[in-house]
Amino acid sequence: MVKEKIAEALINGDVEKGKELAKQALDEGVSAKEVLDEGVLSGMEVIGERFKNFEVYIPEVLQSAAVMNEVMEVLKPALAEIEEGESSTKGTVVLGTVEGDMHDIGKNLVALMLEGAGFKVVDIGIDQPASKFVEAVEKEKPQVVGMSALLTTTAPKILEVEEALKKANLRDKVKTMAGGAVIDQDFVDKNGVDAYGPSATAAIEITQKLVSEVKNNAS
Ligand code: B1M
């Protein structure tokens, strides 16, 4: 019940209610993951649908995103605890939203979950051209490069990152992962990306696997 109410608060853009309910849920023993999946993300799904159908507009979407960020602040310590317990292999991930794309809610969630799981996340931000991904890889020497894209028009930018990494002779030193509303398994299979991240929680296990592969190749 409290999870549905959190989704409702998110849909209504009610920050205070969202925070209060998230605290209540944790106090009642609801897991942070359940609050995330069945409260926050299901609320965001409804907003996404309404945005698509022109039932709500940019200000409402941003208000819901603000509720989501505040609720995530409440959940953060509990999420970090869960994930730390589950993680074993650590590594570095360079993460960004590709050029032309301003969406960062999903990327931030991925960063939060990966950090909680013990990975070092170098978040290069939104609207990042391929050259910035390359620079970050040269500087940070990550095992994984994560790319987020939410628009049909920006998904091809993922290929530009792949090409730029090849040109800089870095592609065989890293594994790549892509996610976001317009990305699916078929897209990554056809475009030479190493892995598809369907969700922030799935991204943890996938990153774990990719880091292990890179470390095994190096040894
Ligand atoms: Co935008 N937008 N938006 N938008 N927006 C979508 C993506 C859209 C699908 C809505 C729709 O029409 N149905 C549509 C894209 C259509 C398309 O191209 N196929 C769209 C559009 C058209 C636009 C604009 C062009 C609208 C306009 O101005 N006319 C414009 C573009 C701006 C730009 O980027 N250049 C725009 C603007 C905006 C806002 C600014 C209002 C806002 C973004 C705010 C922000 O991010 N700070 C916004 C939002 C919020 C959305 C929707 C409603 C929600 C996206 C979101 O945050 N979801 C979205 C509709 C939708 O996705 N159904 C929509 C919640 C988030 C937790 O999910 O990002 O999918 P998501 O991330 C998930 C997974 O995908 C995964 O993990 C996350 C958590 O589980 N994941 C990864 C994501 N990245 C990953 C990376 C990984 C692994 C997993 O590894 C690296």
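**Reading helix packing and pockets in a predicted model**

A: The axes of α5 and α9 cross at roughly 50° and come within 8 Å. That makes α5 oblique to α9. Their crossing is right-handed.

Q: What describes two packed helices in general?

A: Two values do: the angle between the axes and the distance between the axes. Now apply that to another pair. Helix α6 spans residues 130-140, and helix α7 spans residues 157-167. Their axes lie 8 Å apart, at an angle of about 45°.

Q: Are α6 and α7 roughly parallel or oblique to each other?

A: Oblique. Angles under 35 degrees count as roughly parallel, and this pair packs at about 45°. As for handedness, α6 passes α7 in a right-handed crossing.

Q: At what angle do α1 and α2 pack?

A: At about 160°, with the axes 9 Å apart. Here α1 is residues 2-12 and α2 is residues 15-27. Angles over 145 degrees count as roughly antiparallel, so α1 is roughly antiparallel to α2. The crossing of α1 past α2 is left-handed.

Q: Now to pockets. What shows where empty space is left?

A: Rolling a probe the size of a water molecule over the atoms shows where empty space is left. In this model, the largest pocket holds about 1,400 Å³ of space.

Q: How many residues line the largest pocket, and which lie nearest its centre?

A: The lining has 42 residues. Nearest the centre are Ile105, Gly106, Leu150, Gly180 and Ala181. Elements that give two or more residues to this lining are α3 (32-52), α4 (58-86), α5 (105-116), β3 (144-148), β4 (175-179) and α9 (200-218).

Q: Which element gives the most to the lining of the largest pocket?

A: Helix α3, with 11 residues.

Q: How do the residues of that lining divide into nonpolar, polar and charged?

A: The lining of the largest pocket has 25 nonpolar, 11 polar and six charged residues.

Q: Where does the largest pocket lie relative to the domains?

A: Look at which domains line it. Domain 1 (2-87) and domain 2 (90-218) both give residues to the lining of the largest pocket, so it lies between them.

Q: How much space lies in the second largest pocket?

A: About 180 Å³. Its lining includes Met68, Asn69, Met72, Glu73 and Lys76. Also among the lining residues are Ile105, Asn108, Leu109, Ala111, Leu112 and Glu115.

Q: Which helix gives the most to the lining of the second largest pocket?

A: Helix α5, with six residues. Both α4 and α5 supply at least two residues each. By type, this lining divides into six nonpolar, two polar and three charged residues.

Q: Why does the second largest pocket lie between domain 1 and domain 2?

A: Because domain 1 (2-87) and domain 2 (90-218) both give residues to its lining.

Definitions and conventions:
Residues numbered from 1 in each chain as written. Predicted model: local features only at pLDDT ≥ 70, side-chain atom pairs only at ≥ 80, totals over all residues. Heavy atoms only, no water. 1 Å grid on protein atoms, 1.4 Å probe; cavity = no way out; pocket = protein on both sides within 12 Å on 5 of 7 lines; lining within 4 Å. Points joined across faces, edges and corners; volume = space filled by probe spheres on them. Helix = DSSP H or I, 4+ residues; strand = E, 2+ residues; numbered from the N terminus. Nonpolar A, V, L, I, M, F, W, Y, C, P; charged D, E, K, R; others polar. Domains from an automatic or database assignment. Axes fitted to C-alpha atoms, helices over the stretch in contact; angles between N-to-C directions. Parallel < 35°, antiparallel > 145°, perpendicular 65-115°, else oblique. Left-handed = near helix turned anticlockwise from the far one by under 90°.
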